[in-house]
Amino acid sequence: MKILLIVSAFNSLTQRVFCFLKDMNHTISIEYAISDEVMIDAVQRFKPDIIFCPFLKKFIPKEIFINTPSFILHPGIRGDRGHNSLDHALLQVKKEWGVVILKANEEFDAGEIYSEVNFVMRDATKASIYRDEVAEASIKATKELLVNLQNKSFIPIPQLKTPMHKYLKQVDRAINWEKDTSEDIIKKIRFSDSYPGVKDEFFGVSCYLFGVWKEERLKGKAKEVIAKRDGAICVGTIDGAIWISHLIKEGGFKLPATYVLKEKIKGVKEHRLSLIFDMSYKTFYEIGSHKDGDVSYLCFNFHNGAMHSEQCIRLKYAFEYLKESSKVIVLIGAEEFFSNGIHLNILQDSQKQGEDGWSNINAMNDLVKSIIFGDEVITVASLHKNAGAGGVFLALACDYVVASEKTVLNPHYKTLGLSGSEYHSFSLPKRVGEVKAKELLSRCLPISADEAKEINMIDEVFSQENYFDSLRVFCSALVEDEEKYEDYIYDKQDYLEENENFIDRCKEEELKIMHPEFWDKDSSFHILRHEFVHKTCPIKTPDRFKSY
């Protein structure tokens with residue numbers, strides 16, 4: 001089937017749908033909903049069998065939907081209509097929510113329903129639920145849609161004639177620091193997560209709040225900034241304290257809270273944790289670990305998967321420390337992402353973008369080198385969440401790479417004007433061959449975990465339902481047979497000794513190409529990074545999206 005995806009952005013959900021349809025061997029083309037004219041032209045050129053819109057903020061023109069069956073995915077249950085659907089569900093503490101796929105017509109969210117899938121709500125941020133439960137339900141609903149379209153006896157369900165819920169404003173999200181408990185504040189920031197955030201003010205700086213964590217031990221007066229740690233600030237509440245990790249200054253972009261408040265919090269105490277937090281109580285932390293016999297699981301909770309220089313250095317030290325007492329180290333990432341490589345927002349904020357960018361890529365490379373040359377242990381990358389750019393190649397530095405069936409990978413750099421490093425010119429061809437490596441790096445499209453396994457980019461794909469049980473069994477098996485384990489370590493040491501110079505040359509060649517990308521003022525990286533960080537609306541659909 002020829003399917004045209006009309007979208008407002010190529011976000012995580014759109015990428016998941018794209019990978020799913022492509023893996024089913026449908027012919028897919030993607031078009032940004034820039035204008036009615038652009039959408040109409042795309043339909044005339046591609047001549048799709050159906051149009052599907054997994055993420056669309058505009059109306060589809062009537063000229064399109066009366067001639068081509070067009071379907072809209074709405075992140076709400078039957079009868080739910082309007083913007084901020086998921087926000088409302090979280091605000092009202094819904095126990096169950098879902099997605100519906102409606103046929104496009106002239107009324108907002110009012111078309112007949114061709115598939116619907118509900119799910120149990122989880123106590124999490126809006127962004128987390130969108131990337132997990134909504135995405136998973138969307139795939140099931142898309143599968144159901146395709147089946148129903150082939151079923152000549154299928155009769156769509158009428159949408160309920162309910163009024164559209166109101167568009168939530170900042171007054172609906174606002175924190176009352178003198179009355180709201182820690183849980184109240186956490187709820188407000190969580191249902192505003194990703195967009196638009198909660199508007200507030202600290203030390204006269206008007207900003208939007210993102211990334212909230214419960215604090216169990218520290219206490220302070222309501223709205224008093226009582227501590228800072230790894231870019232986050234700890235703020236007192238009427239019944240304890242919370243951590244806020246990120247802010248957007250009015251007119252700015254998202255940064256760690258201490259980067260926004262700067263000298264205004266100079267006197268605030270730095271409340272440090274150990275290098276690797278044991279996760280024994282609730283607080284904000286970035287690097288944690290737990291052990292299961294000889295297997296150490298290394299978690300790195302970096303916001304949106306972005307890793308700045310200091311985070312890379314700390315993670316390297318944590319890895320080196322765990323090597324002393326482990327036979328297997330599992331890089332497990334965090335709840336929301338595995339890794340997305342270097343920290344573009346911090347580079348954009350920097351007054352010395354060349355120096356800080358160069359520092360960031362070299363720190364990332366030092367981390368990757370430690371993992372590649374960690375010849376005393378077996379390393380496993382656990383991609384239970386998405387990874388992109390340098391984050392993919394951080395994973396490929398490991399001896400084994402496993403993933404969840406729902407994981408989407410973006411193994412490329414070029415869309416940001418970078419050629420990339422992280423030893424990718426060694427690790428990617430080693431797994432997939434030179435031809436496929438070049439194709440992945442130049443095609444600049446996401447791939448599913450299943451496709452990644454098919455091309456030998458990763459080793460195993462585990463079901464989402466029992467992912468962590470499967471991961472534990474897989475890792476435990478690596479140390480069960482001591483003789484087999486020792487043989488693996490000896491073979492690994494021999495291989496690294498023989499190939500050390502070649503591996504180092506790969507990295508040096510990568511950096512030679514990358515140097516002008518960071519340092520030249522006319523480098524496209526600076527323009528593309530600015531557009532990415534400031535979320536600039538695209539003015540055209542990239543050619544790479546046309547017909548796959």
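In the predicted model, leucine 145 counts as buried because its relative accessibility is 1%, and this residue is placed in helix α5, which comprises residues 126-150. When neighbours within four places in sequence are left aside, the contacts of leucine 145 are with Phe52, Phe71, Ile101, Tyr114 and Ser115. A further distance relates leucine 145 to valine 100, a residue 45 positions apart from leucine 145 along the chain, with 9.8 Å separating the two C-alpha atoms.

For the chain as a whole, buried residues account for 56% of the 548 residues, and the secondary structure consists of 18 helices and 21 strands. Of the contacts with a separation of 6 or more, 69% are made by residues 24 or more positions apart. The C-alpha atoms fill a box of roughly 65 × 60 × 50 Å along the principal axes. The radius of gyration is 24 Å, in agreement with the value near 24 Å that a compact globule of 548 residues would have.

Two packed helices are described by the angle between their axes and the distance between the axes. For helix α11 (residues 353-372) and helix α17 (residues 482-519), the axes come within 11 Å and cross at roughly 170 degrees, which means that α11 is roughly antiparallel to α17. On the α11 side, the contact is formed by Gly354, Glu355, Gly357, Trp358, Ile361, Asn362, Asn365, Lys369 and Ile372, and these residues meet Lys492, Leu496, Ile503, Asp504, Lys507, Leu511, Met514, His515, Phe518 and Trp519 of α17. Classified by residue type, the contact of α11 with α17 comprises 9 nonpolar, 5 polar and 5 charged residues.

Strands of a sheet pair through backbone hydrogen bonds, either parallel or antiparallel. Strand β19, spanning residues 408-410, runs antiparallel to β20 and is joined to β20 by 2 bridges, and leucine 409 has isoleucine 447 in β20 as its bridge partner.

Most residues other than glycine have a negative phi, and most peptide bonds are trans. The peptide bond from tyrosine 195 to proline 196, by contrast, is cis, with omega near 5 degrees, and proline 196 lies in the loop that connects α7 (182-191) with β7 (198-202). Asparagine 84, although not a glycine, has a positive phi of about 60 degrees; this residue is found in the loop between β4 (70-74) and α4 (85-91), and asparagine 84 counts as buried because its relative accessibility is 17%, under the 20% cut-off. Lysine 535, likewise a residue other than glycine, has a positive phi near 50 degrees and is placed in the segment after α18 (524-533). With a relative accessible area of 68%, lysine 535 is exposed, whereas asparagine 84 is buried.

How values were computed. Residues are numbered from 1 along each chain as its sequence is written. This is a predicted model: local features need pLDDT of at least 70, side-chain atom pairs count only at pLDDT 80 or more; totals for chains, interfaces and linings use all residues. Side-chain values use heavy atoms; hydrogens and water are left out. Axes are lines fitted to C-alpha atoms, for helices over the stretch in contact, and angles run from 0 to 180 degrees between N-to-C directions. Helices (H or I, at least four residues) and strands (E, at least two) are DSSP runs, numbered from the N terminus. Angles under 35 degrees count as roughly parallel, over 145 as roughly antiparallel, 65 to 115 as roughly perpendicular and the rest as oblique. Contact means heavy atoms within 4.5 Å. Ala, Val, Leu, Ile, Met, Phe, Trp, Tyr, Cys and Pro count as nonpolar, Asp, Glu, Lys and Arg as charged, and the others, Gly among them, as polar. Two strands pair if DSSP finds at least two bridges between them. The radius of gyration is taken over C-alpha atoms; the globule rule is 2.2 Å times the number of residues to the power 0.38. Buried means under 20% relative accessible area, exposed over 50%, partly exposed in between (1.4 Å probe, protein chains only).
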